[in-house]
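Here is a short briefing on charged side chains. Look at the structure first, then read the points below.

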Amino acid sequence: MKIQYYSQLGEAYRNIGDHDKSDYFFEKALELEPENIMVSNNYSYYLSLRGEKLDRAHELIKNAIEKEPNSAVYLDTYAWVLFKLEKYDKAEKNIKRAIRNSTSDDPEVLEHYGDILFKNGKTKKALKQWKRSRAAGNDSEELKFKIQHQKFPE
């Protein structure tokens with residue numbers, strides 16, 4: 001029960017932008033159950049989105065991948081952490097695995113795939129994935145910019 005309580009507090013503080021408290025509660029949850037792969041995945045992903053504590057994010061998601069190597073969700077997080085660590089070739093390999101193991105076109109995963117392809121110099125393929133992401137329901141301004149300008153927003 002405490003693990004769920006701590007992880008929900010971590011989520012709540014993340015949602016209001018209090019990253020210090022969010023990180024604190026995710027770490028508390030993981031102190032109680034270090035092998036909780038759902039908490040590990042979520043916390044790892046949030047760290048990667050912020051571009052912070054990337055070594056910790058990598059450690060957490062590697063643990064989840066070891067436990068569930070075919071999870072599309074965990075593979076996407078792993079690819080995104082690798083992307084943030086500028087390991088673009090490894091990121092591409094793992095995002096492809098995530099897409100192969102997915103049962104649907106997740107707009108966020110497709111955008112990640114496009115971003116990774118772009119960093120690997122595959123602009124046309126990146127544009128194709130960004131357009132797929134848009135068609136799958138991603139209506140973000142950042143994605144619109146990428147499609148229109150075929151580059152990342154500054």
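Glu 111 is buried, with a relative accessible area of 11%. Buried means under 20% relative accessible area, exposed means over 50%, and partly exposed lies in between (1.4 Å probe, protein chains only). The model is predicted: local features need pLDDT of at least 70, side-chain atom pairs count only at pLDDT 80 or more, and totals for chains, interfaces and linings use all residues. Residues are numbered from 1 along each chain as its sequence is written, and side-chain values use heavy atoms, leaving out hydrogens and water.

**The buried glutamate**

- Glu 111 sits in helix H7, residues 107–119. Helices (H or I, at least four residues) and strands (E, at least two) are DSSP runs, numbered from the N terminus.
- Leave aside residues up to four places away in sequence, and Glu 111 touches Trp 130, Ser 133, Asn 138, Ser 140, Leu 143 and Lys 146. Contact means heavy atoms within 4.5 Å.

**Salt bridges**

- The structure holds 15 salt bridges. Each is a side-chain nitrogen of Lys or Arg within 4 Å of a carboxyl oxygen of Asp or Glu.
- One of them joins the side chains of Arg 56 and Glu 27, at 2.9 Å from N to O. Arg 56 is in helix H4 (residues 54–67) and Glu 27 in helix H2 (residues 19–32), so this pair ties together parts 29 residues apart in sequence.
- Arg 56 is partly exposed at 23% relative accessibility. Glu 27 is partly exposed at 24%.
- Arg 132 and Asp 105 also meet through their side chains in a salt bridge, 2.9 Å from N to O. Arg 132 lies in helix H8 (residues 123–135) and Asp 105 in the loop between H6 and H7, so the pair links parts 27 residues apart in sequence.
- Arg 132 counts as partly exposed at 27%. Asp 105 is partly exposed too, at 43%.
- Lys 144 forms a salt bridge with Asp 139, and their closest N and O atoms are 3.5 Å apart.
- Asp 23, Arg 50, Glu 52 and Lys 53 form one network, joined by salt bridges that share partners.

**A positive patch**

- Lys 62, Lys 87, Lys 90 and Lys 93 gather in a patch of positive charge on the surface. Patches are made of residues with over 30% relative accessible area and no salt bridge, with like charges joined within 9 Å and nonpolar side chains (Val, Leu, Ile, Met, Phe, Trp, Tyr) within 5 Å.
- Lys 90 belongs to helix H6, residues 88–101. Lys 90 counts as exposed, at 51% relative accessibility.

How values were computed
Accessible areas come from the Shrake-Rupley method with a 1.4 Å probe; for residues, only the protein chains shown count as cover. Lys and Arg count as positive and Asp and Glu as negative; His and the chain ends are not counted. The place of a charge is taken as NZ of Lys, CZ of Arg, CG of Asp or CD of Glu.
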